[in-house]
Amino acid sequence: MPAAVLDPYERLFGKTPQAPRGAAGTGSHPLYDARHNAKLLEREAEITHTFSAIEPVLREVAAMQWQDGFAERAQAIVRERLGVTLPVHRLRASWIAPLNMRAIYADCVFGAFLRLTEREFDRNLATLEEGEPVEELIRRWGFHAIDISPCADGRLSGVVDYILRIPPAVVAYRKSYAGAMFDVEESMRHWVEVELRRHREGVPNRADEPTRYLKISVYHTSSSNSEEGCAAHGSDERKAAAALLERLNAFASAIENAHCCGASVATLLIGVDTDTDAIRLHVPDARGALSLERCVDCLALFEATSRLTRENAKEAIRLAVAEAAGVELDDPATEGMRWFCGYLLKNNMAQIEYVRTYHNGRYAELGHTERFITVGDAFDDLQMRNLAYQAQMETIEEGAVDIDVGIKIFKKVNMARDLPIPVFVHFRYDGKVPGSRERAVQRCRRMAQAIQTRYSELVNEGWLYIYATIKDSTPGSRLEPIDKLESASSRRCACSSNISERGT
């Protein structure tokens, strides 16, 4: 194994990995990406270690809460070992009023999350494809923007960076829903925003270039345990796939009906086995239509190509995709979509090898082990399997089903172990738009209040804790915890004038 991989692997699993089959350091499959996988493992190890350290440290803190000088000593321990500073009032304890360890645990989860987002992990590992910029290739294949709607299930928390390995620069939107049942009208608004920018600014390309908007929906299943499938669809894989196919077709029809046939979009349906991260890719036919039966099983193709040369393995992928589409290898009308499908399959083969090398081919925890629930806008700064249950929504009424599923999961994941449910509310704002920041703060507070009202019993009994953050949409911006925000009237610029008092 490459030396860079050993430390994070040992930190994660407490042992040295066995050398993968095949040439030293290359992995067993010809499409294995050793450097990319090593970087992803380092990220997984750091995130996992950060959250796993919380419980042992807090057990130690709880045991010393009646000792002299406890508050100072406890704060020092938590700050040194977890990198988190606790609110002072959390560390006030007496024999008749002991520490609220659930609240402290939730504080530490939130603090660890903030610290990891500031770590700024490199999410641009897949910026090149055979030496060419992926953004340019994807436009050459016929797509100018990608909109991904995975299930909110935490096992798909790494769908972009790990499972599909699509560079974030080409993902215009990624929003999760229970059962991946995305809102058609909202997706239409996303399409309009992208197309308007193409017409007005020529970004990401000019409106007269023959490229399309690509909508991807991702469902999931478990090959080891039929009860560990998608809860929103009763763990019924076919029911989940059929529901998403219907939703994708509705979206495509809605765009054409509202903006004429010249505004057609492309759609893609993907299934993920969350035990192995292997995908089932439903390939569009010559008309662009999807089918539940017409698909490529990446795991089966992985096995079939494992002893081929790299070029022969890529050729086998191209053949499999063309066969699934029902077209010839040189069919010009479907070439772009077929090349993109081949790109996803190749990327996923590297992820299958990742799971084989570092997780013995199948994750030890097949079910839910999420750390927290996120509500509101998506955050992509931090991605990893089972990191968070993602209930993205504008209002609690709109996403009641999504968050209800998340609460149900956490009653088993956390409350069964006497741990609380941390909920992070997050909304983005555009710093270039006057009042956008303040409106994002108001949205966070309204959402937090709505969650408290909906789950008042859990809140009152000390099981559910809510934290709110906002973030400027400008690249490189950091999360801003609401409680630490200054009021608009007290913010001053470098010249010391009050921002709210300046003229426009």
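This is a predicted model: local features need pLDDT of at least 70, side-chain atom pairs count only at pLDDT 80 or more; totals for chains, interfaces and linings use all residues.

Colleague: What is the mean pLDDT of the chain?

Modeller: The mean is 88, and 90% of the residues reach 70 or more, where pLDDT is the predictor's confidence in each residue, from 0 to 100.

Colleague: And where does pLDDT stay under 50?

Modeller: One such stretch is residues 1–6, for which the model has 13 contacts beyond four places in sequence, a contact being heavy atoms within 4.5 Å. Another is residues 485–504, with 22 contacts of that kind.

Colleague: Switching to helix α9, how many residues has it?

Modeller: Helix α9 has 23 residues (237–259), and from its first C-alpha to its last it reaches 33 Å, close to the 33 Å expected at 1.5 Å a residue. Helices here are DSSP runs of H or I with at least four residues, and strands are runs of E with at least two, numbered from the N terminus.

Colleague: What caps its N-terminal end?

Modeller: Asp-236 does, with a side-chain oxygen 3.2 Å from the backbone nitrogen of Arg-238. After α9 comes Cys-260, whose phi is positive, near 75°.

Colleague: Which residues of α9 are buried?

Modeller: Among them are Leu-244, Leu-248, Phe-251 and Ile-255, buried meaning under 20% relative accessible area (1.4 Å probe, protein chains only). The cover over the buried residues of α9 includes α8, β5 and β6.

Colleague: Now β7: why is it largely enclosed?

Modeller: Strand β7 (residues 278–282) is largely enclosed by the rest of the structure because four of its five residues are buried.

Colleague: Which strands does it pair with?

Modeller: Strand β6 (residues 266–273) pairs with β7 in the antiparallel sense over five bridges, where pairing needs at least two DSSP bridges between the strands. Val-272 has Ile-279 in β7 as its bridge partner, and four residues lie between the two strands of this hairpin. Strand β8 (residues 295–297) also runs antiparallel to β7, joined by three bridges, with Val-296 opposite Leu-281.

Colleague: Last topic, how many disulfides are there?

Modeller: The search of the whole structure finds zero, a disulfide being a pair of cysteine sulfur atoms within 2.5 Å. For Cys-230, the nearest cysteine sulfur is that of Cys-151, 3.8 Å away.

Colleague: Is Cys-230 buried or exposed?

Modeller: Cys-230 is buried, at a relative accessible area of 3%.

How values were computed. Residues are numbered from 1 along each chain as its sequence is written. Side-chain values use heavy atoms; hydrogens and water are left out. Buried means under 20% relative accessible area, exposed over 50%, partly exposed in between (1.4 Å probe, protein chains only). The expected span of a helix is 1.5 Å times one less than its number of residues. A polar contact is a pair of N or O atoms within 3.5 Å; within protein, one must be able to donate a hydrogen and the other to accept it, and residues adjacent in sequence count only if both atoms are side-chain atoms.
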